[in-house]
Amino acid sequence: MKKHTKKWFRNRIGKTIYRNKLRCSCKTCQKTAIVIKDMTEHNLRKEFHADYIYDCQNVYEIEYSDTEIVNQENENTFKEMV
Ligand SMILES: [Zn+2]
């Protein structure tokens, strides 16, 4: 899978990115469109959510893309989804 840099995620704060479907069938995990939040409204670093998603990519091997990823499931379960 293609891995992105931390900068790639940070550049997309406020924008929608897509990820491959996770094996877990709950509503949250089946949702593939994610908006990278600007966390300053919660008094957190602006990059907080972007960095978190970056870590998810590396830890859970989740693939992220600018366009929707079709017909591809992720093997890993993912407990804490944003
Ligand atoms: Zn789930």
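Reader: What stands opposite Tyr18 in strand 4?
Author: That's Ser65. Strands here are DSSP E runs of at least two residues and helices are H or I runs of at least four, both numbered from the N terminus. Keep in mind that this is a predicted model, where local features need pLDDT of at least 70, side-chain atom pairs count only at pLDDT 80 or more, and totals for chains, interfaces and linings use all residues. Residues are numbered from 1 along each chain as its sequence is written.

Reader: How many bridges join strand 1 to strand 4?
Author: Two, and the strands run antiparallel. Strands count as paired if DSSP finds at least two bridges between them. Arg19 has Tyr64 of strand 4 as its bridge partner.

Reader: And how many join strand 1 to strand 3?
Author: Three bridges, again with an antiparallel run. On that side, Thr16 has Val35 in strand 3 as its bridge partner.

Reader: OK, in what order do the strands sit in the sheet?
Author: The order is 3-1-4, in an open sheet of three strands with antiparallel pairing. Strands 3 and 4 stand at the edges with a single partner strand each, so one side of each has no neighbour in the sheet.

Reader: Which residues make up the largest nonpolar core?
Author: There are eight: Phe9, Ile17, Ile36, Ala50, Ile53, Tyr54, Cys56 and Tyr64. Helix 3 gives the largest share, four residues. A nonpolar core here is a set of buried Ala, Val, Leu, Ile, Met, Phe, Trp, Tyr and Cys residues joined through C-beta atoms within 7 Å.

Reader: What is Ile36 in contact with, leaving aside neighbours within four places in sequence?
Author: Its contacts include Phe9, Ile17, Ala50 and Ile53. Contact means that the C-beta atoms, placed from the backbone, lie within 7 Å.

Reader: Switching topic: where does Asp38 lie?
Author: In the loop between strand 3 and helix 3. Asp38 counts as partly exposed because 16 other C-beta atoms lie within 10 Å. Not counting residues up to four places away in sequence, Asp38 touches Ile13, Gly14 and Lys46.

Reader: Which residue has a positive phi of about 60 degrees although it is not a glycine?
Author: Asn43 is one of them, and Asn43 lies in the loop between strand 3 (33–35) and helix 3 (48–60). Asn43 counts as exposed because it has 6 C-beta neighbours inside 10 Å. Glu61 also has a positive phi, near 60 degrees. Most residues other than glycine have a negative phi.

Reader: Last one: which element has the lowest mean pLDDT?
Author: Strand 5 (residues 73–74), at 66, while helix 1 (residues 6–10) has the highest, 98. pLDDT is the predictor's confidence in each residue, from 0 to 100. For the protein the mean is 88, and 85% of its residues reach 70 or more. Where pLDDT is low, the predicted coordinates should not be read in detail.

Definitions and conventions
A residue is buried if 20 or more other C-beta atoms lie within 10 Å of its own, exposed if 12 or fewer, and partly exposed in between; C-beta atoms are placed from the backbone. Two residues are in contact if their C-beta atoms, placed from the backbone, lie within 7 Å.
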